[in-house]
Every structure is written in structure tokens, then in C-alpha cells.
Amino acid sequence: MTRDDGYLLDNRQSEAGRRFDAFATLFDPTTFRHIEGFGIRAGWRCWEVGAGGTSVVSWLATKVGPAGKVVATDIDTSRLMPVADRPVDIRVHDVGTEEPPGEGFDLVHARLVLVHVPDRERALRSMVRALRPGGRLLIEDADPALQPLICPDEHGPEQRLANRLRRGFRELLAARGADLSYGRKLPRLLREAGLREVAADAYFPVTSPACSALEAATVRQIRDRLVTAGLATEEEIDQHLADVESGRMDLATAPMISAWGTKA
């Protein structure tokens, strides 16, 4: 993440941990499948960019073992402290403004990070520069504009309210410089950055308990901003949270597009 006093989803807010848990449930299997496909093994050096929570960092540490290294960076590392032990090196770092925390990495990975970074181009160049020749870059980011609805099946008042609040969330993100169509650009951007063997896929959960948990945590985290901006009332937010809790709605996430390539 970048240092931005207006960052919408602060890691230190109480709901952030619930969001990280939901992300892990929803997206860790996809992330791990891709990295396993790269042939990760003991001794690899990895940079986890904008780590946020611990699930990916812990998994990487298990894979690279004592002979390897995992550099986990974020502007707020408070939630990473439980894994601050060899081979994990935790550093406060802003990928959009600072030089890489090393070079010669076998793997550089960022998930749901660059969409929020104002200088995404610089951040991407930094990550490519940090790779060794033959190293792999895996960028995974959302594309909310590709599928903008929290309820793709909008068949009643509950779904209409949910989708209206989701539009408000997107407005708040865009106002802070988020690129809501960034995910689809990743394959082209990786090729333009000089990577070879570029490929991509997408994961789009349509309904699951983790989707509901993520929605509830996100809305609670941004509710004051929604109300202040006139995008929703307190009563509408309470009603939506009750609707989510009921379990009767099919809640989706924005598609997460994974794109990867190899440094020449």
C-alpha cells in the first residue's frame, strides 16, 4: 500500500483482520496454485509486496525453509508481527515511492495492492527490477469495473440496496485514485515491462460465507465515509448489514485477475 492519510481501508481498523481472513479464504488457493506452478522450493528468495495479513507470508516461509528468505513489506506492518521470525524479514516500505528492499528475488508477489497505489507504474518497475534473471512476478488485482455488482442477481430490494452501497464504495475508491479497471490491464503491462511468458487468469467467487464476511467487514470499515459523503444513511447501512447477516443474498466479489511473467 502507499502512505495516504485518506486510504479507505486502514490496516489498523478493527475490521481489517476480518477482511484479511476473508481474503485468505477466498484467494489463497488461487495464489498458492500459481506459485506452486512456478516451482517454488527451499532456498528461494521472495518479496511479498503490501503483505497486509500473514497467510501468504507464512505459506511462503514454509516453502522456502531456513535456507530461503521472505521479505514482507507494507506501509503498516502491525499485523505481520506474529510471523516476524526467520526466514521472514518484515519491513515498513512504500512500493510506490521507495526503492526495492533488495534484488535478485526468485519471486515477487503482490495481491490486491497496486489498484490502490497512485504511482502504479513506478511500483511495477520496482518489482521487475528486484527480480533475478529468470525470476517470476505474480500480480493479482481486482477489476471492479469488469463486474461492478455485489449482487449480480438483482431481484429484490435487498439486492438493489446492496448494489447501491457498492456503487458508493466504488466512488470512494475512485476518489482516492484507485484504478477500477486495473486488473484487465495487467497482461499488457507485464509485457510492456519486458517480462516474457506472460499469462493470466481470473477468479470470480459468486457466493460463499467468505464473500458475506468480506462484505460485512468492508461496509463496517467504510460506513462513516459513506454517510459523510451522502452515499448512504445510517439506517440503510444497518439494514444492509442485517440483510447480509441473514444469509439470503448471493454476494460476489470483483474478479481477481492473476497475471504472471518471467524476467529475461
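1. From the N terminus on, the elements run α-β-α-β-β-β-α-β-α-α-β-α-α-β, a total of 7 helices and 7 strands. Helices (H or I, at least four residues) and strands (E, at least two) are DSSP runs, numbered from the N terminus. The radius of gyration of the chain is 18 Å, close to the 18 Å that the globule rule gives for 264 residues, so the chain is as compact as a globular protein of that length. This radius is taken over C-alpha atoms, and the rule is 2.2 Å times the number of residues to the power 0.38.

2. The model is predicted: local features need pLDDT of at least 70, side-chain atom pairs count only at pLDDT 80 or more, and totals for chains, interfaces and linings use all residues. Residues are numbered from 1 along each chain as its sequence is written, and side-chain values use heavy atoms, with hydrogens and water left out.

3. Of the 264 residues, 56% count as buried (under 20% relative accessible area, 1.4 Å probe, protein chains only). Among contacts (heavy atoms within 4.5 Å) with a separation of 6 or more, 76% join residues 24 or more positions apart.

4. Arg223 lies in helix H6, residues 209-228. Its relative accessibility is 17%, so Arg223 counts as buried. Leaving aside residues up to four places away in sequence, Arg223 touches Glu234, Ile237, Asp238 and Leu241.

5. The side chains of Arg223 and Glu234 make a polar contact at 2.4 Å. Such a contact is a pair of N or O atoms within 3.5 Å; within protein, one must be able to donate a hydrogen and the other to accept it, and residues adjacent in sequence count only if both atoms are side-chain atoms.

Definitions and conventions: Buried means under 20% relative accessible area, exposed over 50%, partly exposed in between (1.4 Å probe, protein chains only).
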